[in-house]
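Trainee: I am new to this one, and I would like to learn how the terms are applied. Could we go through it together?
Mentor: Gladly; here it is.

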Amino acid sequence: MEGGRVDLLPPLPGSVTSSEASARSLENRAKQLKQILEVIAGRGDEVTDEDVVAILAEYFRKNPGVSAALAANSSQLKIQELQLSPGDTVNLKVLLRLPMHKLRNLRTFLKNTGLDIIPSEKAVYQELAERRNAYNGGSVELGTVPLQKTISSPEECEVAFVRVKDLEMHVNRSVQRLSSSPSFSTSGNYRGRIWIKVGGDKGGNSTKLAIQIGNVANCNSPDRTELVGMFEATDSIKNLQTVFGSFTEGFLSLQREDFTITLGSVKYPVDVFLFGDYEFLCRTIGHMGASSTYPCLWCYIRITDLANNKGANSPMLWNKTMQSFQPNQSWPATRTVGNMQTDLIQNKEDPRRGGDPKANGPNHHSIAHDPILPIVTNIVNIIPPSLHILLGLVVRYYKYLETYCRSVDQGSLGERDEALFLEWESASHIARSADIAYMKCRDDVHEEEEMLKSFKKARNSVGEPENSRCSMPLCAISACDAMGDVEWVQCIQCGTDNDSGWYHLSCLRLTEQLVAQFSVCPVRRGEIANEDGVIAFQKDQILKKKEEMQTSKGKYLEAKSKLDEINGRVLETRGPVEARLNLILEKDLKVAKQAYHSQCFVGNHCKIILEHIDKLLEVVSDVSVKEKLTILFRNLREIFSYFEARFLTDEEVTKLCHLCWSFGRWFPLAFPEERIPPKLHILIAHIPECALKWRTVGLLGEHGLESIHAALNAEERVYACVREKEQRLHHIFNQHGQRSVANKTRLSVVRRKCSVVGCGGRYKTINGARKCQTCDNYST
């Protein structure tokens, strides 16, 4: 017999419950229960539930006094059988995002009601420490560095970061841990190799770098996406180089020909992929981006060819005589890793334009700076951003549909429509600028207040090391050893050989307003003569910053009010065709435009639009325009159907390539007035290359990286009360790591039918794993 307790009949009420019984009664009941178990065990291992019923019925008939006694203790017996292990408790805590104090409250509540099923805090903390060590080995680096906070502001400020120290070791640990998963595989399309994906993205307030192991099921899920680095600032080239530049050596080491990962007694070679949105790919490779002279990472097509609608002519053209696709002889050459390295070297040696690599980039195929995560194996290991291609093209051509509808309504609106659009564009820009200014003022006030707290804390502290104090009347640094290296500067006029006149740069910045060059120290200049003067000066600075913040807040609210008023007028001036289109989108399809990224759609919205495009096109009266748009969206829908996170069959790969190449030939003929965006060029020319090489597009995509932002935002809200930025990031980093290694089977729904679209098979449990009997897909 396997499983839990067998309920035979409703328990009879006992005369005395276990909580009231004497020690002798409890001992007798335990003996009686032991006798019953021995009777059952003596019948052999093949005892069924029906046999147990018969055995117990016979035993109770011969021992009538036992039934009532056991009934009084039956509820306690069931409870004693249920005991969560520390591992299960940690899984519960992590997956439900329970802080320790809430888990403590839950344990106390259950214990007071007689359910002592949750282990002690000590056992939980020990399990957490063991998992943390298994996840990153304790090799995590914390700190702050001066970074550019936003793209629009060139000013730098101290920003917290967290990252693993050894990328190669972390990857090895992840593979070793995931190799025990039933869905882990190196056979078939993996060709006996381990796939390691490295990618990054900016989302919310932070920029993340993460890895994924592609040999397991659902490798694109957020919980399979493991963080290796994170900082709270924009993803500019300088910021990425400062924080993630330490990963360059480890990233190159993973790509060595002799690098292998040992599982058991077998050594497996690896394939390393770089993935993310197009902006991240360009910045980490050293490319100037999608608006540069040579906008493509995979070939040498020029931006002028795309603008003139010449770039979408497919790299493969249909040959009617041979009845097959043949290479396009006029197609631009393909980039190689060696050519990119040559372009970078020549750019650095180019003396033109003052030797500025960015200015000389167009002369060297738009390669302008050193790569942060260089791919040295093959250019096809840089994965096209399939998710962003889907989003970008659907949004672009839906806006084309909107523009057509607006042009149909133009007769009733006249010139007013154009003027209103210009007014809305100006108001949007003003509101955005006012919002950025207000947020900057608020951050400045917070920094000034934190600095004042540091001074007051230093004033009240005693017993600091003598060598940690500078010559300021009040030194802000009270624990030099805990803060690490401290940068010192010396006053030119009052500095002497006996260390007087030396100051902490952070202490001087308080009075110099972040100016790093000093000629005369504040003490000698007489601006601050004592400790009270320091505090009074800082309070005055806080008051000024708060006044600026209130002013900027008023400007922001005024600009937002004006923008809301213009938005109302825009809605009123919609013509009947455009209004009907938006009504179908919002009411019938339940699709709402997002408030960010120029009112774009999310991935699910794009799929809904493609699935119901015929309904949207009902508003188009022109037959030729409707036919063109129908072909456009139906082709995109069919192409994107192959972007699922799975391997493609040979027939599917061939079909995808033919669809992309045919679409590239058709589009310039159907839309000669439209320019070719880089995303469309990548779809036509380089998505087929990825599918032919790796037999998949979706498995190597950036979906998990995009989904991770929402998960980390939830963790950030949990740890928002942690004052130290480094520690807060460390908690978020570790918590997500715990979710990555947590066992989710207790919370998962058992699937019966295969999740692969079009399969129709059913899962069957084989060796502890649920596997489809039709397509060999594993259920997770």
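**Reading the terms from the values**

Mentor: In this predicted model, Val228 has 0% relative accessibility and so counts as buried.

Trainee: Why is Val228 called buried?

Mentor: Buried means under 20% relative accessible area. Val228 is at 0%, so the term applies. Val228 belongs to strand 5.

Trainee: Which residues does Val228 touch, leaving out those up to four places away in sequence?

Mentor: Among them are Val162, Arg163, Val164, Leu209, Ile211, Phe247 and Phe733. Each counts as a contact because heavy atoms lie within 4.5 Å. For Ile211, which is 17 residues from Val228 along the chain, the C-alpha atoms are 7.0 Å apart.

Trainee: How do you know that strand 2 and strand 5 pair?

Mentor: Pairing needs at least two bridges. Strand 2 (residues 156-164) and strand 5 (residues 226-231) have three bridges, in the antiparallel sense. Arg163 faces Gly229 of strand 5.

Trainee: What is the order of the strands in the sheet?

Mentor: The order is 1-2-5-4-3-7-6, an open sheet of seven strands with mixed pairing.

Trainee: What makes strand 1 and strand 6 edges?

Mentor: Strand 1 (140-148) and strand 6 (260-263) each have a single partner strand, so one side of each has no neighbour in the sheet. From one strand to the next, the twist averages 25 degrees.

Trainee: Which helix packs on the sheet?

Mentor: Helix 10 does, touching strand 3, strand 4 and strand 7. The direction of helix 10 makes about 115 degrees with that of strand 7.

Trainee: Why is helix 10 described as largely enclosed?

Mentor: Seven of its eight residues (278-285) are buried, so the rest of the structure largely encloses helix 10. The buried ones include Tyr278, Phe280, Arg283 and Ile285. Beyond the sheet strands, the buried residues of helix 10 pack against helix 8 (237-244), helix 12 (337-348) and helix 26 (678-685). Just after helix 10 comes Gly286, with a positive phi of about 105 degrees.

Trainee: Which residues touch the most other members of the largest nonpolar core?

Mentor: Phe640 and Leu683 do, in a core of 136 residues. Helix 14 (residues 386-408) gives the most to this core, with twelve residues.

Trainee: What does Leu683 contact, leaving aside neighbours within four places in sequence?

Mentor: Its contacts include Ile389, Leu393, Phe640, Phe643 and Pro688. As background, nonpolar side chains tend to be buried together in soluble globular proteins.

Conventions:
Residues numbered from 1 in each chain as written. Predicted model: local features only at pLDDT ≥ 70, side-chain atom pairs only at ≥ 80, totals over all residues. Heavy atoms only, no water. Core = buried A, V, L, I, M, F, W, Y, C linked by side-chain atoms within 4.5 Å. Buried < 20%, exposed > 50% of the residue type's maximum accessible area, 1.4 Å probe, protein only. Helix = DSSP H or I, 4+ residues; strand = E, 2+ residues; numbered from the N terminus. Axes fitted to C-alpha atoms, helices over the stretch in contact; angles between N-to-C directions.
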